[in-house]
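Please open the model in a viewer and keep the selection tool at hand.

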Amino acid sequence: MLAYIIGVVLFALGICVSVALHEAGHMLTAKAFGMKVRRYFVGFGPTVFSWRRGETEYGLKWIPLGGFCDIAGMTALDEVTPDEAPRAMWRFKTWKRTVVMSAGSITHFILGFVVLYLMAVTMGLPNIAAASEPLQPVVASISCARAATTTQQLGDTSCPAGAPTPGKTAGLRAGDRIVSVAGKPTPQWTDVLAVVQASGGPTPITVQRDGQTLNLTVDIPRVQRLGSDGKVHEIGMMGVSTVLPPQYLHYNGLTAVGATLSFTGNMFAQTAQRLVQFPERIPAVVSAIFGGERDPNTPVSVVGASRIGGEAVEQGLWAVFFLLLASLNFFIGVFNLLPLLPMDGGHIAIVWYERVRDWLRGLRGKAAGGPVDYTKLSAITMVIVVIGGGITLLTVTADIVNPIRLQ
């Protein structure tokens, strides 16, 4: 239980640090371009403490959920003092404002990349190809054929006394490549399983060993096993297993760069897919709240992600913990760039709308238009805030009453 609590706290802390650095990205780029940053605070609510350095006030709030960076004149409607007016953000060039507003998301991307790189040189990155490459029909180990009618029995790899060992009795050895079973070619391990599970009794098997072809006979027993459908089936078993590809691949400091870039690209593709599927998964979240089975692919809140992080630490699955943290950073970064207010992507969209509009007006010999009136967009912004708040409430509720758990 202590490990679980530590995991939850560590993951929540990781999220808080990520969001604090997100705001730091805005602050540092704004300062670099000469914009005035009034305040940079971590957290919300009452102030714990603060200090002023130069023209910026830095501090910590009581509620450690995010933070904020107050840049003078983010829009033309913001009030600024006379001395702030020349350095108001809205007066700067379009590309500079774009850099500042996208710096938060870029910070999330950098954090996710750093986490994955450190994994690559320490615990390794998941072997993506392992899930797509077919298993070769090569014997890795030989044990016994035994019944397993429960999940607990499936996880038990020990052999009880008297359990048949058909593969060993037939003379199979580790390293043998199975060419055919019962006269049927077996180019992949799945082919071996399909034929063996449908067989029973003395069955001819052809293997290649040290360049030689051997014809053996395996007396395949029929045993009861729990299937993936949750039902017990009677199948044939040889009591042999194949060579499994490594689940994680390790790299040195140099090769880890390319591997991390490749893996990051894969995670970005998954993030984009989850965003596209996000709306259609909301009904499943509602169903989970009212007792339905929780789909592990449904959206989770910070609460749910922290709980999964806690379970990962409790089970010693640190790779899962850091993968989840990197994935969450990528998701927040991409989500924040969506062209919707009040996200940074919405502000960026308005900045570039003004730029393109003024360019088109210039082609027609007209003067540049004024800044976009944000008050006219307030209704749309409020609708998005309400929808976002509702989704957050749903996911938090589901993560409390029916959380996603590690298997």
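Axes are lines fitted to C-alpha atoms, for helices over the stretch in contact, and angles run from 0 to 180 degrees between N-to-C directions. Helices (H or I, at least four residues) and strands (E, at least two) are DSSP runs, numbered from the N terminus.

This is a predicted model, in which local features need pLDDT of at least 70 and side-chain atom pairs count only at pLDDT 80 or more, while totals for chains, interfaces and linings use all residues. Residues are numbered from 1 along each chain as its sequence is written, and side-chain values use heavy atoms, with hydrogens and water left out.

**First stop: H7 and H9**

Select residues 255–289, helix H7, together with residues 318–336, helix H9. The two pack at an angle of about 60°, and their axes are 10 Å apart; H7 and H9 are therefore oblique to each other. Now display the side chains in contact (heavy atoms within 4.5 Å). On H7 these include Phe263, Met267, Arg274 and Phe278, and on H9 they include Leu323, Phe330 and Phe335. The residues of this contact divide into 11 nonpolar, three polar and one charged. Here Ala, Val, Leu, Ile, Met, Phe, Trp, Tyr, Cys and Pro count as nonpolar, Asp, Glu, Lys and Arg as charged, and the others, Gly among them, as polar.

**Second stop: H1 and H2**

Next select helix H1 (residues 2–33) and helix H2 (residues 94–121), which pack at an angle of about 150° with their axes 8 Å apart. That angle makes H1 roughly antiparallel to H2. Their crossing is right-handed. Among the residues that make the contact are His22, Gly25 and Phe33 of H1 and Trp95, Lys96 and His108 of H2. This contact divides into 10 nonpolar, nine polar and one charged residue.

In which order do the four strands of the open sheet lie? The order is S6-S5-S7-S8, with antiparallel pairing; two strands pair if DSSP finds at least two bridges between them. Strands S6 (184–185) and S8 (212–220) stand at the edges with a single partner strand each, so one side of each has no neighbour in the sheet. Select S7 (residues 201–209) to see the antiparallel pairing with S8 over nine bridges. Pro204 stands opposite Thr217, and Arg209 opposite Gln212. The hairpin of S7 and S8 has two residues between the strands, and Asp210 there takes a positive phi near 55°. Helix H6 (residues 189–198) lies across S5 (177–181), S6 and S8, at about 40° to S5.

The structure holds one disulfide.

**Last stop: two backbone details**

Most residues other than glycine have a negative phi, and most peptide bonds are trans. Ala182, however, has a positive phi of about 55° and is found in the loop between S5 and S6. Finally, select Leu341 and Pro342, joined by a cis peptide bond with omega of about 10°. Pro342 is placed in the loop between H9 and helix H10 (344–363).

Key. Angles under 35 degrees count as roughly parallel, over 145 as roughly antiparallel, 65 to 115 as roughly perpendicular and the rest as oblique. A disulfide is a pair of cysteine sulfur atoms within 2.5 Å. A crossing is left-handed if the near helix is turned anticlockwise from the far one by less than a right angle, and right-handed if clockwise.
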